Structures are given as C-alpha cells and as structure tokens.
Amino acid sequence: MARDRVVTGERQQEDHPDLQTGGPALRPVHMRDYVGQSDLVERLSIALEAVKQRKDPMEHVLLHGPPGLGKTTLAHVIATEMGSRLYTTSGPALSKAGDLVGTLTKMEAGDILFIDEIHRLPAAVEEYIYPAMEDFKVDFTVDSGMHAKVITVGLKPFTLIGATTRAGLLTQPLRSRFGISHHLNYYDDGELRRILERAIERLSMNDVSTDALDSIASRSRGTPRVALRLLRRVRDFAQVRSRGTVSPPVVEEALSLEGVDGEGLDELDRKYLRTIFETYGGGPVGLEAIAATMGDDATTLEDVVEPYLLQNGFLARTRQGRCLTVRAGEHLGFQVPGDLF
Ligand code: ADP
C-alpha cells in the first residue's frame, strides 16, 4: 500500500517530472551522469559498447531492488546510449496478451521495451514473452474451436528491460531469459549528495551550503527519490522563510515540520519502535501483535516500515520476534535492555 509518506521510496503523484519542478526533469540522461551503482554501470557500459560495435541489440536486462533507486532512470539512460526508442509499460498494465503483442509488433530493431513491476505480469501474458525474448517471435491464436489457427508473427530484435522490487516473485523461466540481472543497492550519503548537487543546479537554487546538502542526504534513507523529494520540501520552506538560503538549521526546521528526524525516520517509524518499547518491553514480539496494538496492517508494516529499520540497525528480527536494538533506544531516548536477543 502506498502511504502518503515523505520518506517512501515509492513513486507519488508529486514525483512526476513535470509537476515536481515546472522545469527540466531531474533524471540523468547519459550513463556518465548516473551516480553510483558502479558495478552495474560498468557491466552495462561494457555490454553497450560491445553490442554497438557488433550492431546487435542489447541483451535483456533485469533490474531489481527497492523503489526509488533508479531502475526506470537506467532504462531511459540505456535507450539514450543505444540511440533507440523506449516503450514503457508495467506488469499490471499488460492485462491482456493483445496489449503486449500490439506493442511488440510496433517496435523497430534495437528498440527497448521497459516493463516496470514485471513480477505482476499476468501468467497468460508471460507465456507470450518467452518466445518473444528468445526467438523474437510471438504465436497467437485466432478464432476458436475447430477454426482456431496459430499465427506466428516475427518481431524485430529488441531488448526487454524488466524492473522489480520483488525479484523472488518472478518465475524461474522468466528470470532465466534475462542475460543481465542485477540488484540495485541503497546509495551512500556521498552519492546522494552528488545527486542533490546536480538537482540544485537544475532547480537554480544558488544559496545552498554543503553541510545543508549533507543533512538532506543523511535523512534520505539511501534513496534518490526520497532525497529529491526532501529537497523540494526544503526548497519551498527556504523560499518562504529564509529568502532561499538553505543552511543546516533550515533543513532541520523544514524537515521536522514534515516529521522527518535526523536519521530519516518519520512518525510511523517512531510509532512502530515506541510500540515495541512501551507495550512489549523492547521485544521479542510478533509482528501481528505490534500491528494489532498500532491498529495497522501487518503486511504494510512489513513492507514499508521494517526494511529500513532492519537495514539500519534499529530493529532485529529473531526467531522469537522483533526486538529493538540499543541504537533504536539511543536514537529515541529510551533505555533498551542490552540482552534482548
Ligand atoms: P525506480 O524506477 O527504481 O523506482 P527511478 O528511476 O524512478 O526509480 O528514480 C527515482 C528518481 O531518482 C528519478 O527521478 C531520478 O531523477 C533519481 N535518480 C535515481 N537514481 C539516480 C542516479 N543514479 N543518479 C541520479 N539520479 C537518480
């Protein structure tokens, strides 16, 4: 479930490039502007160079990792570098095989098809993808009953780029048809700062200190989309309250208005941690019990709250249940017993 949280990596209405700036989109266009993910960038650059020399289409690419880390951006970058057109769709949008076949037959040699949330592709559509990926053809049946006929349509060689936040949900046959499969990692603060530096130039924000950018980066949960969203909030705040000057206190004030603290935790994260401490003595406690106390849904907590807390050492998951860490206690100012797990 997409909640209206300023710190979520998931796409929100306001992230649309035209709405977000009223000006140039913040997406990098070329590989050289794409910050971080150096292993992946190197693998792709070599593959791109090789296929350009051979005049072949690029291998099919699967990008997996949390939302907001630059999967869609990378698909656009690859298309630019190949000089090809990019067709964009998503698993849930391809509800009928006809939708997919329609797009595939329109594509020219070397074009790229980007399928976001590819784990949500309906099984009936997935079957059409296999021969398309492997042999550049699709078979489809016309008419039904005794008049049914299978027609094979040849396709121009194309590249499929699939993106998913849940690689584990992909079927093995689909997964095995990608030549390159890569996991995107969270960004470190230095990389986020570089992304922010580029953005402030594009947004003509001229009075921003380096410390202020560091302060935004450290609250961005390793996620470029969050960093850029926080920057936009800070920009509005600075325009109205400090004549456009962005210093660390301005960042601090702007983002605490949004409920985002120095570690990038928001009110929902803190409520979750407080519940474990106040009601369950710091744990171990089962997820269902926490959800019931908070009046929230366990799956939502598991998908949108826990990953960041686990990854950053605020929470431990043991066989007996969830436990707070000493770090969580230090951050929120309560005494967590040191021997919970
Ligand atoms: P995903 O498809 O993984 O959800 P996106 O590609 O839509 O993420 O990226 C979200 C935003 O973050 C984009 O608007 C883009 O401007 C920015 N972004 C992501 N990765 C990078 C990067 N490596 N360098 C610069 N900006 C990035």
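Visitor: Why is Met205 called buried?

Guide: In this predicted model, Met205 has a relative accessibility of 12%. Buried means under 20%, so Met205 counts as buried.

Visitor: Where is Met205 found, and which residues is Met205 in contact with?

Guide: Met205 is found in the loop between helix H7 (189–202) and helix H8 (210–218). Leaving aside neighbours within four places in sequence, Met205 is in contact with Ile200, Leu231, Arg235 and Val246. The C-alpha atoms of Met205 and Asp236 are separated by 11 Å, and these two residues are 31 residues apart along the chain.

Visitor: What makes Ser204 exposed?

Guide: Ser204 has a relative accessibility of 52%. Exposed means over 50%, so Ser204 counts as exposed. Ser204 lies in the loop between H7 and H8.

Visitor: What is the phi of Ser204?

Guide: Ser204 is not a glycine, yet its phi is positive, at about 50°. Most residues other than glycine have a negative phi. Gln37 likewise has a positive phi of about 50° although it is not a glycine. Gln37 is found in the loop between helix H1 (17–21) and helix H2 (38–54).

Visitor: Is Gln37 buried or exposed?

Guide: The relative accessibility of Gln37 is 10%. With buried meaning under 20%, Gln37 counts as buried.

Visitor: Which peptide bond is cis?

Guide: The bond from Gly283 to Pro284 is cis, with omega near 0°. Most peptide bonds are trans. Pro284 has its place in the loop between H11 and helix H12 (287–294).

Visitor: How many aromatic pairs does the structure hold?

Guide: The structure holds two aromatic pairs.

Visitor: Why is the pair of Phe136 and Phe158 called edge-to-face?

Guide: The ring centres of Phe136 and Phe158 are 5.6 Å apart, and the planes of the rings stand at 70°. Rings pair if their centres lie within 6.5 Å, and planes over 60 degrees apart count as edge-to-face. The pair of Phe136 and Phe158 is therefore edge-to-face.

Visitor: What parts does the pair of Phe136 and Phe158 tie together?

Guide: Phe136 lies in the loop between helix H5 (123–135) and strand S4 (137–142), and Phe158 lies in the loop between strand S5 (149–154) and strand S6 (159–164), so the pair ties together parts that are 22 residues apart in sequence. Phe136 has 23% relative accessibility and counts as partly exposed, whereas Phe158 is buried, with a relative accessible area of 3%.

Visitor: What makes the pair of Phe277 and Phe334 stacked?

Guide: The rings of Phe277 and Phe334 have centres 4.0 Å apart and planes at 5°. Planes under 30 degrees apart count as stacked, so the pair of Phe277 and Phe334 is stacked. Phe277 lies in helix H11 (residues 267–280) and Phe334 in the segment after helix H14 (326–332), so this pair ties together parts that are 57 residues apart in sequence.

Visitor: Why is Phe277 called partly exposed?

Guide: Phe277 has 22% relative accessibility. Partly exposed is the class between buried, under 20%, and exposed, over 50%, so Phe277 counts as partly exposed. Phe334, at 14% relative accessibility, counts as buried.

Visitor: How do you know that Met133 is buried?

Guide: Met133 has a relative accessible area of 5%. Met133 is found in helix H5. Not counting residues up to four places away in sequence, Met133 touches His60, Phe158, Leu160, Leu174, Arg177 and Phe178. Leu160 is 27 residues from Met133 along the chain, and the C-alpha atoms of the two are separated by 7.4 Å.

Visitor: What places the charged end of Arg177 over the ring of Tyr130?

Guide: The charged end of Arg177 sits 4.2 Å from the centre of the Tyr130 ring. A charge counts as over a ring when, among the criteria, CZ of Arg is within 6 Å of the ring centre. Arg221 also lies over a ring face, that of Tyr308, at 4.1 Å from the ring centre.

Key: Residues are numbered from 1 along each chain as its sequence is written. This is a predicted model: local features need pLDDT of at least 70, side-chain atom pairs count only at pLDDT 80 or more; totals for chains, interfaces and linings use all residues. Side-chain values use heavy atoms; hydrogens and water are left out. Rings of Phe, Tyr and Trp (its six-membered ring) pair if their centres lie within 6.5 Å; planes under 30 degrees apart count as stacked, over 60 as edge-to-face and the rest as tilted. Helices (H or I, at least four residues) and strands (E, at least two) are DSSP runs, numbered from the N terminus. Buried means under 20% relative accessible area, exposed over 50%, partly exposed in between (1.4 Å probe, protein chains only). A charge sits over a ring if NZ of Lys or CZ of Arg is within 6 Å of the ring centre and within 35 degrees of the ring normal. Contact means heavy atoms within 4.5 Å.
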